[in-house]
Each structure stands twice: as C-alpha cells, then as structure tokens.
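Visitor: I would like to learn how to read a protein model, one feature at a time. Where do we start?

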Amino acid sequence: MTQTPLKFYVPEPSGRPGQATDFSYLRLQPAGAARKPPIDITPYDTRDLAIGLIRVLDEHDEAQGPWAEDLPDDDLLRRGLRAMVKTRIFDARMVIAQRQKKTSFYMQCLGEEAIAIGQSLALREGDMHFPSYRQQGLLIAQDYPLFDMMCQIFSNDQDPLKGRQLPVLYSVPEKGFFTLSGNLGTQMPQAVGWAMASAIKGDTRIACGWIGDGATAESDYQTALLFAHVYRAPVILNVINNQWAISTFQSVAGGEGITLAARGIGSNVASLRVDGNDFLAVHAVSRWAAERARNNHGATLIEWVSYRAGPHSTSDDPSKYRPADDWSRFPLGDPIARLKNYMLKRDIWSEQEHQELQKACEAEVVAAQKKAEAHGTLATGRTSSVATMFEDVYKDMPEHLRRQRQELGV
C-alpha cells in the first residue's frame, strides 16, 4: 500500500503585494448582534462571544444592540475623540522626527487608537496597565505631558528615564503605566501577578495586560492564562489582533480557523472578541470586564480586532509583504472617522469643531516638540549625560566606579 507523503503546512495571508486581501477570514458579525451577558457568567458560557464579534456602531454610524444600552456621556466622547486625534498627530510628528535622525526608533499605533484610549477612559485611577509598545494612548488619554514623552524618545537631558530605555518604552507608574519591556509577552504574567497581589492585600485596584497577536505564541501568555484562571485574578488580558506581527501574518500565531479569544475558553477564562476600531464597543466591553474583575468574578481575555495601518516600526517597510492599500480596504474602518461620524449624526459635534480640534492638537504637539528639542536630540548630540550610567545602582558609589567616572571626566 502506497503511503501519501506528509506535507509541512505554513499559513499564508490571502493578500500579498499586488494581490488584494480577502478579508472574509475575519468572520464579521452585524453590529448589535452579540449578546451582553451578566458579569458573573462562567467562562465556558462566553464561547459564542469568543468566536463572534461584539460591535456597537453599524455601517450607518448608529449605535446598536445591548452593548449600547449604557453609552458614555457626551463629554467623555469628546474627550476620547480628542485623545485619539492628539495621539495620531503625536505619532505622525515622531515618525518625521525619526526620519530627521532626531531619534533612533519609533512605533506608532495608527489605526488602533480607540483600543487603549477607550479602555483607559473606562477604568479608574490607580488601576495598573502593563502595556506593550503601541499603547501610548493610555498616557495621552490621561493628559500626561507630551514633553516628557518626547524627551524620553529623544534621550535628552530631560529624559525621565535618563537614557536607559529605548525610545517609546515609557515608564509612568504614577499614571498606571508599568515600565515597558522590549521582551514580548512578559507583561501578561506581570499583570496577572500584580492583580493577584492586589487581591491578596484586599485592595480595589485591577490590572490590565497588553500584547499583540504575535506575542500570543509566547509561553508567557499561556502562563498568564493559567494563573489568571486558577486564582481568579482581577485582570483584563488584552490581545490586539492587528493582523500582522512585523512581517508575519496573525495566522502563524494560531489565528487561522479559530479566533485568538477562543484560547481563553480552554483556559477557563471569560473571553470576548471585539471590534477594536469601534470606540463605543471598546469602552462598553472594558467597563464590563473591569466590573467583572472588581466584583471577584475573575479575569477576562479580550481579543481586539483591528489593523496596523502603518509599519511595524520605523525600521519596517510593509509594502514588501502586504498590499499597499490594505488599510483603506479593511472592513472595520478608521476608529477616528467612525467616532466622529457617530457624534456628527447625534449633533454633538460639527465639522468646524473637528477642524478646530485638529488645529489645537497640532499646535499642542508642535509646541511640546520644540520645547523638548531645545534640550537636545540624537541629531544634535545633546543626549542624556553619561554620568547617569553610574547613578541609581548603589546607595554609596564603590571606589572602582568613582574612578571610572573621574576618568570619563563626568
């Protein structure tokens, strides 16, 4: 009997340069179709929500379904839109700064602004985020000074981290923004551990972990799911499925044939799959997950379906591995345009207000950049003093380090 030879299988995206992407693999669901369960639902009973897609805004920019029953007030919507517009402008300016050799590296969140900002505005002061490198919106939504962010990006003499971190790897614990790590996936078990500690202390604060679709292939992610399940940690585990991990399509991380959210069901963690480009859905689901955590019902895994509209970083050229017009064809649209259109339709916003917002945010970002650049950039050579490399390690500096510092003349 002849045996058929085995074949090694490697997932491939449906679109490549010159070949339009077939986005039917996303398996979309109409806005308003997904149910809203009680916060004490058992994880196994969320399996339909892990495979479907929670959406609030429909194609006519109207809010639909049970997740639209308790929408943010008008002031919070304006605050969210402002933060998203400011984040996009900030990103654009920093990309240009990198091209001008003022910094070595930058990563933007173009197309994903609603996710971090929508969740930030749904949580409380004191909750702790363990972010990855595309959650600058968490800081901007809280009006953290752009000047401080830029000084860290430029590694100048006002860098809060004294030149000890890569650009965009911020650390602002007072704003609930835990120190970023360049190692993929580490922030998930850290978030679960912090949440467990909060529960042990009888605190009321919860934690949020953030990773992309590619990092779900890391073993740290599975460890986080295990501990979150066993100890019912008060944590929200955010997976941003923006379709691409550098040049690797999300199916290589296991997103083909099943959703990334569905993995949580097997780990006995409540799991939801959500339209990440819908600010209303992001805010509603984040509030639900936070309330579930605060009421000791356990962790929630959320897969945010979005699209990385720009390069993975300033070192990447996405035109080499995907169609150039992919984002314009992505069926879930632009998060800023969708929220803006919803507000226009409700007569709580106008085109004139939007233009004024754009100008105000542009002026704010430019002013912060000028102030930050006055303290030095990579291009000017005025970076953080090398003297700081000897500080903050020992209470009393050892003699050999004192000699080395003297030899450097700093």
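Predicted model: local features only at pLDDT ≥ 70, side-chain atom pairs only at ≥ 80, totals over all residues.

Visitor: Where is Asp347 found?

Guide: Asp347 sits in the loop between α11 (335–345) and α12. Its phi is near 60 degrees, a positive value in a residue other than glycine.

Visitor: Is Gln243 buried or exposed?

Guide: Gln243 is buried, because its relative accessible area is 0% and buried means under 20%. Gln243 belongs to the loop between β3 (235–241) and β4.

Visitor: What falls between the two cut-offs?

Guide: Leu378 gives an example: at a relative accessible area of 46%, Leu378 is partly exposed. Leu378 is in the loop between α12 (351–373) and α13 (399–408).

Visitor: How far apart are Leu378 and Ser155 in sequence and in space?

Guide: Along the sequence, 223 residues separate Leu378 and Ser155, but their C-alpha atoms are 7.4 Å apart. Gly264 and Ile302 can be read in this way too: they are 38 residues apart along the chain, with 8.9 Å between their C-alpha atoms. Gly264 lies in helix α8 (residues 262–266), and with 0% relative accessibility Gly264 counts as buried.

Visitor: Now helices. How do I check the length of one?

Guide: Compare the expected span with the distance between the ends. Helix α7 (residues 219–230) has 12 residues, and at 1.5 Å a residue it should span 16 Å. The end C-alpha atoms of α7 are 17 Å apart, which agrees.

Visitor: Which residues of α7 are buried?

Guide: They are Tyr221, Ala224, Leu225 and Ala228. These residues cover an arc of only 100 degrees around the axis, which puts them on the same side of α7.

Visitor: What is the general idea behind that spacing?

Guide: An α-helix has 3.6 residues a turn, so residues three or four places apart point the same way.

Visitor: How many residues of helix α3 (residues 113–120) are buried?

Guide: Eight of the eight are buried, so α3 is largely enclosed by the rest of the structure. The buried residues of α3 include Glu113, Gln119 and Ser120, as well as Ile115 and Ile117.

Visitor: How is empty space found in a model?

Guide: Rolling a probe the size of a water molecule over the atoms shows where empty space is left. This structure holds four cavities of 30 Å³ or more. The largest cavity has a volume of about 80 Å³, and Gln243 is one of the residues that line it, along with Tyr25, Arg273 and Glu303 among others. The lining of the largest cavity divides into four nonpolar, five polar and three charged residues.

Visitor: What lines the second largest cavity?

Guide: Its lining includes Tyr144, Asp148, Met149 and Pro160. The second largest cavity has a volume of about 40 Å³, and its lining has six nonpolar, two polar and one charged residue.

Visitor: And what is the volume of the largest pocket?

Guide: The largest pocket has a volume of about 380 Å³. It is lined by 25 residues, of which Met107, Tyr133, Arg134, Leu184 and His312 are the closest to its centre. β2 (207–212) and β4 (244–245) are the elements that give two or more residues to this lining. By class, the lining of the largest pocket has 13 nonpolar, nine polar and three charged residues.

Visitor: Which residues are the closest to the centre of the second largest pocket?

Guide: The second largest pocket has a volume of about 290 Å³. Of the 16 residues in its lining, the closest to the centre are Arg124, Glu125, Gly126, Gln142 and Lys175. Four nonpolar, five polar and seven charged residues make up the lining of the second largest pocket.

Visitor: Last, how do I read a record next to the model?

Guide: Take the span from the record and look at it in the model. An unreviewed UniProt entry places "domain: Dehydrogenase E1 component" at residues 82–377. In the model, residues 82–377 are 42% helix and 11% strand, and the end C-alpha atoms of the span lie 28 Å apart.

Key:
Residues numbered from 1 in each chain as written. Heavy atoms only, no water. 1 Å grid on protein atoms, 1.4 Å probe; cavity = no way out; pocket = protein on both sides within 12 Å on 5 of 7 lines; lining within 4 Å. Points joined across faces, edges and corners; volume = space filled by probe spheres on them. Nonpolar A, V, L, I, M, F, W, Y, C, P; charged D, E, K, R; others polar. Helix = DSSP H or I, 4+ residues; strand = E, 2+ residues; numbered from the N terminus. Expected span 1.5 Å × (residues − 1). Buried < 20%, exposed > 50% of the residue type's maximum accessible area, 1.4 Å probe, protein only. Arc of directions from axis to C-beta. UniProt positions renumbered as here; feature names shortened; annotations may be inferred.
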